[in-house]
Amino acid sequence: FDVPGYTRKNKVHGFRFGFPFSGTSSVSGFDLSLFGSHLVGLDGAQISIGYCGTANKSYGFQAALGVCLNQEHFDGAQAALINKSIVSRGWQVGGGNLSDNVDGAQIGLTNIVTKLKGLQAGIVNIVSRSIGPQIGLVNYAEHGTFQLGLVNLNLQSAMPFMILFNYSK
């Protein structure tokens with residue numbers, strides 16, 4: 001959040017505590033803030049009650065009661081009510097998980113991804129292209145491999161709509 005203004009040029013190696021907000025160029029270590037934290041890069045852990053965010057490629061763990069947002073690549077785990085990343089390599093666990101590309105897993109109430117290499121597990125799972133299973137009550141794939149759930153829509157399957165499971169090559 002760049003308050004005070006000089007923090008946007010600081011690099012933190014170790015521990016940073018922000019009250020009520022935290023923001024800096026990058027953190028290698030641990031970033032803890034009360035309400036929100038936005039970093040340029042992360043190599044470690046970022047924890048906040050409200051918001052955790054990073055702008056560039058980051059590695060590690062983000063956790064918040066509200067939102068975890070990464071505007072580029074995130075390698076590691078995100079745990080929040082809403083998780084969003086452009087590319088996620090690892091885990092997204094929360095109420096809603098959004099990503100363009102996932103190599104790993106999305107576990108939550110609603111999971112939405114363009115390209116998935118891994119697992120989606122939730123109430124509603126939506127994917128454009130999947131290599132890996134979808135497990136949920138409602139699964140939708142434009143091109144997917146295996147679906148297990150109450151309602152399964154797989155547009156590339158011989159049977160695009162199936163109850164209990166669906167499969168395509």
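Two strands are said to pair if DSSP finds at least two bridges between them, a strand being a DSSP run of E of at least two residues, numbered from the N terminus. The model is predicted, with local features requiring pLDDT of at least 70 and side-chain atom pairs counting only at pLDDT 80 or more, while totals for chains, interfaces and linings use all residues. Residues are numbered from 1 along each chain as its sequence is written, and side-chain values use heavy atoms, with hydrogens and water left out.

Strand E8 (residues 146-154) pairs with strand E7 (residues 133-143) in the parallel sense, over eight bridges. Within this pairing, Tyr140 has Leu153 of E8 as its bridge partner. With strand E9 (residues 161-167), E8 pairs in the antiparallel sense over seven bridges; here Gly149 stands opposite Leu164 of E9.

Asn152 belongs to strand E8. Asn152 counts as buried (under 20% relative accessible area, with a 1.4 Å probe and protein chains only), because its relative accessibility is 0%. Its side chain forms a polar contact of 2.8 Å with the side chain of Asn139; such a contact is a pair of N or O atoms within 3.5 Å, of which, within protein, one must be able to donate a hydrogen and the other to accept it, and residues adjacent in sequence count only if both atoms are side-chain atoms. A polar atom of the Asn152 side chain also lies 2.9 Å from the backbone oxygen of Gly149. Beyond its neighbours within four places in sequence, Asn152 is in contact (heavy atoms within 4.5 Å) with residues including Gln147, Pro160, Phe161 and Leu164.

Terms used: Helices (H or I, at least four residues) and strands (E, at least two) are DSSP runs, numbered from the N terminus. Buried means under 20% relative accessible area, exposed over 50%, partly exposed in between (1.4 Å probe, protein chains only).
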